[in-house]
Amino acid sequence: MKQHDIKMMTPTTIGLIVVMAAGAFVAVYRLFRGLGAATNLNNLWPWGFWIGMDVLGGVAMAAGGFVIAGAVYILNWKKYKPIVRPAILNAFFGYVLAATAIFFDLGQSFRIWHPVVMWQVNSIMFIVAIHVVLYTTTLGAESSPMLFERLRMMGAYRFMNAIMVPIVLFGVLLSTLHQSSLGAVYLIIPSKLSPLWYSSKLPYLFLVSAVFMGLSMVSFETILSSRLFNHPLPVDILRGLARGSLIVAGFYFILKVWDLVAGPGIGAAFAGSFTSNMYLLEMVIGVMLPLVLLAMPKYRTGINSIFSVNLLVIVGVLINRMNVGIFGLAEYASRFGVDYFPSLMELILTAAFIAFAFFGFKVSAKYLNLFPETEH
Amino acid sequence: MSMNRRDFLKAAAVGGGAILASQAVSAGASMPRELPPEAVGILYDATLCIGCKSCMVNCKIQNSVPGGALYLPDRKGLPYDFSSPDNIWDDARDLSSKTVNIIKVCKNGTGEHKDETENGFSLVKQHCMHCISPACVSVCPVSALRKDPKNGVVYYVEDRCIGCRYCMLACPFRIPRYEYESASPRVRKCQLCRHRYDEGKYSACCEYCPTGASIFGKVTDLRKEAAKRLTLKPGEEYSFPVQTVGSKEKSRRLVSKYINHLYGMKEAGGTQYLLLAGVPFEMLGFDKNISEQVLPDLTWAYISKIPAVIATVLIGGAATWAVTRGRNKDKEE
């Protein structure tokens with residue numbers, strides 16, 4: 001069986017393994033010593049960096065999977081077929097990591113299965129939990145042809161390909177609900193979350209920004225892996241993704257501004273406080289700069305500028321998730337005199353998750369037929 | 001383009017799935033919105049409170065037994081807090097995993113005059129409000145927090161809890177506390193001493209309150225008692241019931257000036273813990289942003305749309321696939 005010409009034992013890989021080992025230590029320490037010993041979480045900050053970054057951010061970063069799979073299998077835009085495998089695999093890693101982060105964030109980690117049998121349909125958390133389980137399974141199914149191909153199980157390979165359209169449709173449905181329900185988690189705290197982010201439209205904002213992030217993520221890793229693994233750049237695909245990003249960016253911009261005007265008013269963004277500055281940072285990096293750059297054909301078609309825009313969008317949407325999950329609660333919590341900054345262990349475990357994603361993607365690129373079109 | 005049998009079956013399966021899902025969702029929709037018939041609660045009158053903290057002492061004693069809100073099988077002694085390094089016995093600074101009822105003082109200016117806003121202070125007793133429509137119960141993914149359908153007490157089922165701490169985020173009153181110090185942690189909150197009702201007893205805090213600042217009783221009776229107090233004139237004499245609202249034991253004393261507001265009547269849709277005070281409740285640490293909004297309604301607005309989203313995405317997606325598939329084949333072949 002052909003293995004792809006990717007060197008495994010590079011200094012980068014060794015670095016990734018060191019970070020993962022440190023993360024494994026933190027994971028064990030947290031399980032045996034408890035959340036209080038490992039994190040800076042407290043009674044006014046029940047959720048911190050692991051929820052804001054790993055779960056909210058990680059799931060948004062995984063949105064490329066359903067966007068590209070939907071485009072290829074439901075809209076039948078076959079042009080994007082070459083990137084469907086990496087996009088789905090990336091989403092799979094994103095969800096596995098989000099689920100792992102939830103496992104370590106739960107006070108009773110080994111009861112993580114409880115929601116699956118103890119339904120409570122008034123709870124967004126229940127809905128989120130069911131979606132994580134179902135969609136991770138769906139992503140596994142969507143990725144499975146690659147594995148069956150590698151294992152030469154051609155019967156299973158053909159079977160999975162035959163039922164791929166309904167699987168993808170199911171995945172699109174689950175993602176739509178899951179991305180939006182992560183925003184809906186915060187609907188219950190109108191008195192706590194800053195009005196710069198609290199809105200009855202939070203589910204829509206989360207969904208649209210996840211699609212925005214997903215397109216950028218797919219484009220970003222297509223460029224990155226082409227350079228790392230010496231594949232020719234699929235320029236046409238990248239330009240198509242940039243065009244899609246422009247449309248989503250415009251829509252997201254209108255939604256955000258409308259929400260600001262209808263909510264606390266434009267003035268609230270320029271109050272000069274830490275919270276309002278975080279809002280401006282998110283808007284400039286994640287919405288306005290990308291929109292302006294994508295609107296100009298010169299930057300929308302140039303690969304280097306597309307890569308820069310991708311970075312802006314990824315960082316910008318991550319800031320948005322951190323704002324909703326952490327910074328937007330700061331004014332409330334500090335009124336009652338309690339601050340939060342992630343502990344070193346919280347940061348290390350998150351770094352280990354990211355390292356695992358890069359490492360896993362590299363291993364997959366070596367051993368699986370991740371980029372089928374570049375072979376022929 | 002014509003729809004063949006296979007396509008039709010697919011579409012039918014899709015529609016059927018959506019209908020099943022919508023039934024599952026509507027079956028479990030209801031969160032209580034009205035006061036339960038036998039609802040019990042506490043009326044706290046800050047103008048009667050002398051800050052002796054007897055309520056806190058009895059709370060810890062009575063809740064450290066099996067069924068109590070602070071019970072831990074292998075704990076020796078009572079759950080005392082040691083928050084400062086000064087060797088002070090049981091010095092809870094705030095509600096904690098070991099303190100589910102706390103007396104605080106809130107000062108303004110020089111803080112000289114009791115129950116006055118200008119240069120005054122007021123005591124306040126903080127514990128679970130036992131909301132009529134509790135946010136914590138609605139957000140719990142595993143029903144570890146529940147509201148008793150008869151007496152309305154919001155209580156905790158330890159074995160179900162996964163420790164997601166969404167209840168802590170959702171509670172507008174900052175009540176649920178977590179045993180962060182433990183490797184097998186629980187949520188801790190006041191359960192209104194529900195484990196004592198069968199013995200004919202009531203909330204431990206009210207049992208030890210010497211002045212009648214905390215009285216236990218049916219919420220409807222507590223509301224009547226509070227309404228009566230708000231009509232009293234400052235300086236006149238009144239017999240305040242002690243321990244329970246219907247108690248024969250009374251504490252006769254002069255009436256202080258009240259702020260004309262029974263806290264918990266409407267806040268967050270109404271609560272079973274009610275408060276009277278001589279100063280505005282915002283000064284007592286009650287978040288000014290808490291409105292009369294029934295909080296679970298906010299998430300229900302989203303959840304109730306899910307069946308429609310399921311139907312739209314599946315039917316719309318299947319139709320899109322069917323249409324674009326044909327177009328694509330024409331191009332490719």
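Q: How does helix 7 of chain A pass helix 9 of chain A, left-handed or right-handed?
A: In this predicted model, helix 7 of chain A makes a left-handed crossing with helix 9 of chain A.

Q: At what angle do they pack, and how far apart are the axes?
A: The angle is about 150°, and the axes are 9 Å apart. Helix 7 covers residues 124–150 of chain A, and helix 9 covers 164–184. That angle makes the two helices roughly antiparallel, because the cut-off for that is over 145 degrees.

Q: Which residues meet there?
A: From helix 7 of chain A, they include A:Ile124, A:His131, A:Leu134 and A:Glu142. Helix 9 of chain A brings, among others, A:Ile167, A:Phe170, A:Leu174 and A:His178. By class, the contact has 14 nonpolar, 6 polar and 1 charged residues.

Q: Switching topic. How many residues of chain A are in contact with chain B?
A: 47 residues of chain A, in contact with 53 of chain B.

Q: Which helix of chain A gives the most to that side?
A: Helix 9, with 7 residues. Helices 1, 2, 6 and 7 of chain A each supply at least two. The side of chain A that touches chain B has 31 nonpolar, 13 polar and 3 charged residues.

Q: And what are the ipTM and pTM of the complex?
A: The predictor gives an ipTM of 0.92 and a pTM of 0.91.

Q: Where in chain B is the pLDDT below 50?
A: Chain B has a mean pLDDT of 89, but residues 1–9 are below 50. Residues 15–28 of chain B stay under 50 too.

Definitions and conventions: Residues numbered from 1 in each chain as written. Chains lettered and ligands numbered in written order. Predicted model: local features only at pLDDT ≥ 70, side-chain atom pairs only at ≥ 80, totals over all residues. Axes fitted to C-alpha atoms, helices over the stretch in contact; angles between N-to-C directions. Helix = DSSP H or I, 4+ residues; strand = E, 2+ residues; numbered from the N terminus. Parallel < 35°, antiparallel > 145°, perpendicular 65-115°, else oblique. Left-handed = near helix turned anticlockwise from the far one by under 90°. Contact = placed C-beta atoms within 7 Å. Nonpolar A, V, L, I, M, F, W, Y, C, P; charged D, E, K, R; others polar. pLDDT = per-residue confidence, 0-100.
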